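Try each one with the structure in view before you read the solution.

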Amino acid sequence: GIEAGLDPVTGGPIFAMRARVSLAYPCTRPLDVRANATIRNLGGANGLSIENAAVWLVFFCDAKPEDVQLTFKATVTGVVVAGVDLGAVSIAANAFVRPNDTAA
């Protein structure tokens, strides 16, 4: 993991991140990347805090053209700015190969 800065409010790091990558070469299984990050009091006690930002990315390198090629998921929880709780945000998406629809 990576840590940076010293938060005087909590005594811990201002920014912390951990990531994991799983891959096979040649491609026999999907490439899987997962990361989590935390931000504490960026800009001071009334600054930005994020309890957890989680990102998951899967690249299906052996997928057939009609299959999902890429999956992306991200969730950010515990977002606080100047003491105001802004809640959580989640995003999920899949990517596909666009069919060749040009007229011959």
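**Exercise 1.** Is Arg20 buried, partly exposed or exposed, and which side chain does Arg20 meet in a salt bridge?

*Solution.* Keep in mind that you're looking at a predicted model.

Step 1: Start with the accessibility. Arg20 has 43% relative accessibility. Buried would need a value under 20%, and exposed one over 50%, so Arg20 counts as partly exposed.

Step 2: Now find the partner. The side chain of Arg20 meets that of Asp32 in a salt bridge, at 3.6 Å from N to O. Asp32 sits in strand 3 and Arg20 in strand 2 (residues 13–22), so this pair ties together parts that are twelve residues apart in sequence.

Step 3: Asp32 comes out at 12%, so Asp32 counts as buried.

**Exercise 2.** How many salt bridges does a search of the whole structure find, and which residues do they join into one network?

*Solution.* 

Step 1: The search of the whole structure turns up two. One of them is the Asp32 and Arg20 pair from the previous exercise.

Step 2: Asp32 also meets the side chain of Arg34 in a salt bridge, with 3.0 Å from N to O. Arg34 is partly exposed, at a relative accessible area of 34%.

Step 3: The bridges share partners, and they join Arg20, Asp32 and Arg34 into one network.

**Exercise 3.** Where is Asn41, is Asn41 buried or exposed, and which side chain does Asn41 join in a polar contact?

*Solution.* 

Step 1: Look in strand 3 (residues 31–42) for Asn41.

Step 2: The relative accessible area of Asn41 is 13%, so Asn41 is buried.

Step 3: The side chain of Asn41 is joined to that of Asp7 by a polar contact of 2.8 Å. Setting aside neighbours within four places in sequence, Asn41 is in contact with Asp7, Val9, Thr10, Leu48 and Ser49.

Step 4: Don't skip the backbone. Asn41 isn't a glycine, yet has a positive phi of about 50°.

**Exercise 4.** In which sense do strand 3 and strand 4 pair, and how many bridges join strand 4 to strand 5 and strand 5 to strand 6?

*Solution.* 

Step 1: Strand 3 pairs with strand 4 in the antiparallel sense, over nine bridges. If you'd like a spot to look at, Asn36 stands opposite Ala54 in strand 4. The hairpin of these strands has five residues between them, and Gly43 takes a positive phi near 95° there.

Step 2: Strand 4 and strand 5 run antiparallel and are joined by eleven bridges. Here Val58 stands opposite Thr71 in strand 5.

Step 3: Strand 5 and strand 6 also run antiparallel, with ten bridges. Val81 stands opposite Val84 in strand 6.

Step 4: Finish at the turn. Strand 5 and strand 6 form a hairpin with two residues between them, and Ala82 in that turn has a positive phi of about 50°. At 45% relative accessibility, Ala82 counts as partly exposed.

**Exercise 5.** Which residues make the nonpolar surface patch of about 380 Å², and which strands each supply at least two of its residues?

*Solution.* 

Step 1: Pick out Val55, Leu57, Phe72, Val89 and Ile91, which make the patch.

Step 2: Strand 4 (48–59) and strand 6 (84–95) each supply at least two of the patch residues.

Step 3: Take one member as an example. Val89 is found in strand 6, and Val89 is partly exposed, with a relative accessible area of 48%.

**Exercise 6.** Which residues are joined by a cis peptide bond, and which residues is Gly78 in contact with beyond its sequence neighbours?

*Solution.* 

Step 1: The cis bond joins Tyr25 and Pro26, with omega at about -5°. Pro26 is placed in the loop between strand 2 and strand 3.

Step 2: Turn to Gly78, which is in strand 5 (residues 70–81). With a relative accessible area of 21%, Gly78 is partly exposed.

Step 3: Leaving aside neighbours within four places in sequence, Gly78 is in contact with Ser49, Ile50, Glu51 and Gly87.

Notes
Residues numbered from 1 in each chain as written. Predicted model: local features only at pLDDT ≥ 70, side-chain atom pairs only at ≥ 80, totals over all residues. Heavy atoms only, no water. Helix = DSSP H or I, 4+ residues; strand = E, 2+ residues; numbered from the N terminus. Buried < 20%, exposed > 50% of the residue type's maximum accessible area, 1.4 Å probe, protein only. Polar contact = N/O pair within 3.5 Å; in protein donor to acceptor, adjacent residues only side chain to side chain. Contact = heavy atoms within 4.5 Å. Salt bridge = Lys/Arg side-chain N within 4 Å of Asp/Glu carboxyl O. Patch = residues over 30% accessible without salt bridge, like charges linked within 9 Å, V, L, I, M, F, W, Y side chains within 5 Å. Areas by Shrake-Rupley, 256 points an atom, 1.4 Å probe, with all protein chains shown as cover. Pairing = 2+ DSSP bridges.
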